[in-house]
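The following exercises are to be worked with the sequence and the coordinates at hand. Each task is followed by a solution in steps.

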Amino acid sequence: MHTVKKIGKRFWYMTPYAETDRPILGMVVGDHKTLMIDAGNSEKHAQHFLKEMVKRKVTHPDIVILTHWHWDHIFGLSALTKAVSIGSKQTKMEMEKLIPLSWSDQALDERVKKGTEIEFCATAIKKEFTDNREITIVLPDLTFEKQIEIDLGGVTCIVQLVGGNHASDSVIVFIKEEKILFLGDCIYPDIFSEKENYTIHETLQLLERLEAFDADTYVLSHWKPISKEEFSKEVMMLRTIAGYTDIFKGEKQKIIEHYEKYIARKLTDDEMATITEFVNGYELLE
């Protein structure tokens with residue numbers, strides 16, 4: 001189900017599992033402290049990662065960073081009792097809203113009907129928590145507003161709020177000496193609106209913030225680590241489609257025609273989906 005891999009000298013990660021929406025979990029190993037990135041979508045998820053780390057002689061984390069408030073990144077925090085948890089102030093505020101909620105099938109189905117939850121997340125929660133649905137929302141111990149720097153001994157992690165359409169509280173973790181930028185979900189579209197979408201301003205602002213980091217490897221939570229070259233291609237696609245969406249005022253066919261001419265080939269399914277998401281975002285703000 002999962003595979004554990006290592007990048008460089010200091011960074012371990014466990015691959016995602018799409019069936020129950022488990023994202024990548026990361027571990028940065030310093031000389032003095034160990035830092036875990038994201039808490040997992042359940043206690044089982046978090047505990048599995050810790051067991052795999054012990055096999056590789058990596059100690060339990062001293063610190064856990066939450067990249068944003070979505071359930072699949074925070075539900076495992078109740079299992080990480082020995083670690084100091086850190087999230088942005090926005091993340092804590094969003095997590096507080098989850099505390100009074102019930103996670104029974106009936107409650108999830110009701111929220112999907114009302115439009116306050118999406119079917120995708122409700123289904124994944126039911127699959128991840130088949131036997132025991134006792135979910136405890138644990139708030140982060142420490143919060144920050146914009147950026148913090150953590151010295152683990154021999155390796156430094158810069159944690160910065162970057163926002164984006166997927167979650168306005170998204171933070172990234174830059175593992176400075178390893179030149180690894182853990183993106184979490186920040187580069188993904190908004191999946192919680194009626195139509196999945198990117199908005200022009202938010203996307204361009206996010207890309208500027210991400211490009212300020214001198215990284216060689218970029219970790220996308222529900223996919224895989226990618227190279228600087230692959231990331232640059234993703235940035236080019238997002239920036240170009242955003243530009244055409246602005247120029248042609250969300251007119252989908254014109255955006256398709258001009259982007260296809262720009263890349264001199266037929267569009268991929270991913271590019272077509274991205275154009276649709278920008279058009280949705282443009283219409284949302286109209």
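Helices (H or I, at least four residues) and strands (E, at least two) are DSSP runs, numbered from the N terminus. The model is predicted, so local features need pLDDT of at least 70 and side-chain atom pairs count only at pLDDT 80 or more, while totals for chains, interfaces and linings use all residues. Residues are numbered from 1 along each chain as its sequence is written, and side-chain values use heavy atoms, with hydrogens and water left out.

**Exercise 1. The largest pocket**

Task: State the volume of the largest pocket, and determine which helix gives the most to its lining.

Solution. 
Step 1. On a 1 Å grid over the protein atoms alone, a pocket is an open set of points with protein on both sides within 12 Å along at least five of seven lines, whereas a cavity is a set where a 1.4 Å probe fits but cannot get out; lining residues have an atom within 4 Å of a point. Grid points are joined across faces, edges and corners, and a volume is the space filled by probe spheres set on the points.
Step 2. The volume of the largest pocket is about 530 Å³. Its lining comprises 25 residues, of which His166, Tyr188, Pro189, Ile191 and His222 are the closest to the centre.
Step 3. At least two lining residues come from each of α2 (71–74), α5, α7 and α9 (269–285). The most are given by α9, with 4 residues.
Step 4. Classes are assigned as follows: Ala, Val, Leu, Ile, Met, Phe, Trp, Tyr, Cys and Pro are nonpolar, Asp, Glu, Lys and Arg are charged, and the others, Gly among them, are polar. The pocket lining then divides into 14 nonpolar, 4 polar and 7 charged residues.

**Exercise 2. The largest cavity**

Task: Give the number of cavities of 30 Å³ or more, and classify the lining of the largest cavity.

Solution. 
Step 1. The count is 1 cavity of 30 Å³ or more, and the largest cavity has a volume of about 30 Å³.
Step 2. Its lining consists of Gly164, Asn165, His166, Cys186, Ile187, Tyr188, Tyr198, Thr203 and Leu206.
Step 3. By class, 5 of these lining residues are nonpolar, 4 are polar and none is charged.

**Exercise 3. Salt bridges**

Task: State how many salt bridges the structure holds, and describe the pair of arginine 133 and aspartate 105.

Solution. 
Step 1. A salt bridge is a side-chain nitrogen of Lys or Arg within 4 Å of a carboxyl oxygen of Asp or Glu. The structure holds 14 salt bridges.
Step 2. One of them joins arginine 133 and aspartate 105, at 2.9 Å from N to O. Arginine 133 lies in the loop between α5 (119–128) and β7 (142–144) and aspartate 105 in helix α4 (residues 105–114), so the pair ties together parts that are 28 residues apart in sequence.
Step 3. Arginine 133 is partly exposed at 22% relative accessibility, and aspartate 105 is partly exposed at 38%.

Key
Buried < 20%, exposed > 50% of the residue type's maximum accessible area, 1.4 Å probe, protein only.
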